[in-house]
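Biologist: I'd like to learn how to read packing and aromatic pairs in a model. Can we look at one together?

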Amino acid sequence: MVLGCLPCCNRNGYQQIGNTGPRFGVRHLQCILVFFGLAVAYALRVNLSVAIVAMTDRNASNPDFPEFDWNESTKSYLLSSFFWGYVVTQIPGGYLSAIYGAKYMLFYGILICSFLALLTPFCAMTGGWKLVVVLRAVQGLCQGVIFPSTHTFLSKWAPAEERGRLVGYSYSGSQFGTVVMLSVSGYIASSSLGWPSTFYAPGCAGILWAFVWFYYCSSTPAQHPTITPSERRYIESSGQTRRPSDAGREEQQPRPKTPWCRILTSGPFLVLVLSHCANNWGFWTLLTEIPTFMKNVLGMDIKSNGPLSALPYFAMILLTCVFIWLSDAMKRRGTVLPLGFSRKFFNTLGMWLPMLALIGLGYITEGEANVRLAIVLLTMAVATNAATYLGFHVNHIDLAPNFAGTLMGITNCAANFMSILAPLIVGLIVWDETNPAQWRIVFFFTAFVYFMGNLLFMLFGRTSVQSWNTPAGARNGSSGSVPEAEAGEDREPLMGA
C-alpha cells in the first residue's frame, strides 16, 4: 500500500503508523452488515411501488387477496408519502448518530421500519389508504436517519486508505436490495402468499438483520469487544499523524459542539450540497421519467417487467465493483495522486457519463432497434452513476470526519427536495407525453444540471479536512487531532480517502 509520509511528521517527531491491517478484519464485517442493512432498507422503501400494481389489479397477482379501487391521485399520495417523513429526519439523524452512536440509530431505524412493513397489509385491508399513507410517512421518518447514520458509522470504521472502497461496497447494498425486490416481487405476489408477502418478506428480513447488527456491531472500533489491537490501531491512526504510544489509546474527550454557522458558510461544503442536488435531480429524473418516455414515445412499458426494471440497478452494482477495482489497480501501480484528483475523476465519470447518455436519449425515436438502444442508454446512465460513490459521496468524510453524518444529513435533505421538484418541472415542460421534442428539452436540461453540478465540484470542491472539524483547543492539545499542515495537504494515495 502506497503511503507517503507528510513533511510535518519528519519535523515534529511524529510518524505515520498503522499503515497495514488484516486483509479481512472486523471492519470488513461491519461493512458487510451495513451492505445488508441498506439492502433491507431499500427493499422496505420500494416494496409499495411494486406491490401497488398487484394491490389494484387482481389479475396481476393471486386473485384470492383483496383488490383496492385506488385512482391515480390516491396512488400518488401513497407513493409520495414516504418522502414527506424522509426529508424531515435527515439532519437530526446525522446529529443524533454522532451523540448516541450510529449503531443504535441504524438498529432502531430499520427495526421500526420492518415492524411497520408487517403492519401495512393489515392497515390497508382494515383502515384504507389514508392509514397506509400515515404508515408510509412514519416509515420515511425512520428511514431518514439511515443514510446520515451510515456516514457517521463509516467515518469511524473505514481507514483512510480504504475509505473509498469500503464506502462504495457498503452503499451498493441499496442497489442490491432494489434489484432483489423488483425482481422477485412479481413472483411472490402471484404465489399462494399473495401481495401481502411483498411486505412480510422484507419486514422479516429487517427484523432478523436488526438483531444480528445489534449483536455483532459497535459504533466505533474502541467499543468493539473482539477487534484486535493491531486492527484498532490501524483504523484509529489511519490518515493521521500520531505518536506510536498514542495509537489505540482510548481518549475520553467531550464531543465537539457542531459548528453550524461555519458548516453552512463553508465554500467546499456548499459546493458539495450543489453537487449532491444535481446528482439527485438527474438520477431521479432518469428513474421516474424514462419509463414514461419509453411507454409513450417508444411504445414499451418497462414498469410491467420487473427484471427489466431491475436491470439498471444490477448494472450499477457491477460497475461499483469495476470502479473500485480501477481505483485499486491504479493504486497498485504505485501511482500517488492528489486525493482531490481521485474524487473529481470518479465524480466526473459518475455525472458526465449519465449526461452523455441523456443527450443520446434526446435523439431516440420510435422503432424496435431504438427501444433496445434506449434501454442500453438508460442502463448505462444509471449504472455509471455508481462512480459518485468514490466522488462526492465520500467527500463528507473528507471534509469533516467528526461531523460526516451531519453533513450527509444536510446534503441528502436538500438533494431529496430535488427528487420531489424534478418530476414537477418535467410536468411543466412535457404537455404531450408522446411528443419527442418536449422530452428532448427535459433530457437536455437534466444533462445541463449534471454538467454544472460536476463542474462546480471540479473547480471548487476540496478534500482537505476543514478547520472547523476540530475545535481550536483540541487541535492544539490532542494527540489524535489533525495538524494544520495536514489539514491543508491534499496529496494522498489515490484511494487514501
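This is a predicted model: local features need pLDDT of at least 70, side-chain atom pairs count only at pLDDT 80 or more; totals for chains, interfaces and linings use all residues.

Biologist: Which residues touch the most other members of the largest nonpolar core?

Modeller: W213, L286 and L361 do, in a core of 98 residues. Helix 2 (residues 26-56) supplies the largest share of this core, with 12 residues.

Biologist: Now the rings. How is a pair of aromatic rings described?

Modeller: By the distance of the centres and the angle of the planes. The whole structure has 34 aromatic pairs. Take F107 and F211: their ring centres are 6.1 Å apart and the planes sit at 80°, so this pair is edge-to-face. F107 belongs to helix 5 (residues 102-127) and F211 to helix 9 (residues 197-216), so the pair links parts of the chain 104 residues apart.

Biologist: What about W281 and F445?

Modeller: Their centres are 5.8 Å apart with planes at 70°, so that pair is edge-to-face. W281 lies in helix 12 (residues 267-296) and F445 in helix 18 (residues 436-460), 164 residues apart.

Biologist: Is F445 buried or partly exposed?

Modeller: F445 is partly exposed, at 38% relative accessible area, whereas W281 is buried at 10%.

Biologist: Where do charged side chains meet rings?

Modeller: R45 lies over the face of Y86, 4.7 Å from the ring centre. Y86 is in an aromatic cluster with F82, F83, F283 and W284. The charged end of K103 sits over the ring of F214, at 4.6 Å from its centre.

Terms used. Residues are numbered from 1 along each chain as its sequence is written. Side-chain values use heavy atoms; hydrogens and water are left out. A nonpolar core is a set of buried Ala, Val, Leu, Ile, Met, Phe, Trp, Tyr and Cys residues joined through side-chain atoms within 4.5 Å. Buried means under 20% relative accessible area, exposed over 50%, partly exposed in between (1.4 Å probe, protein chains only). Helices (H or I, at least four residues) and strands (E, at least two) are DSSP runs, numbered from the N terminus. Rings of Phe, Tyr and Trp (its six-membered ring) pair if their centres lie within 6.5 Å; planes under 30 degrees apart count as stacked, over 60 as edge-to-face and the rest as tilted. A charge sits over a ring if NZ of Lys or CZ of Arg is within 6 Å of the ring centre and within 35 degrees of the ring normal.
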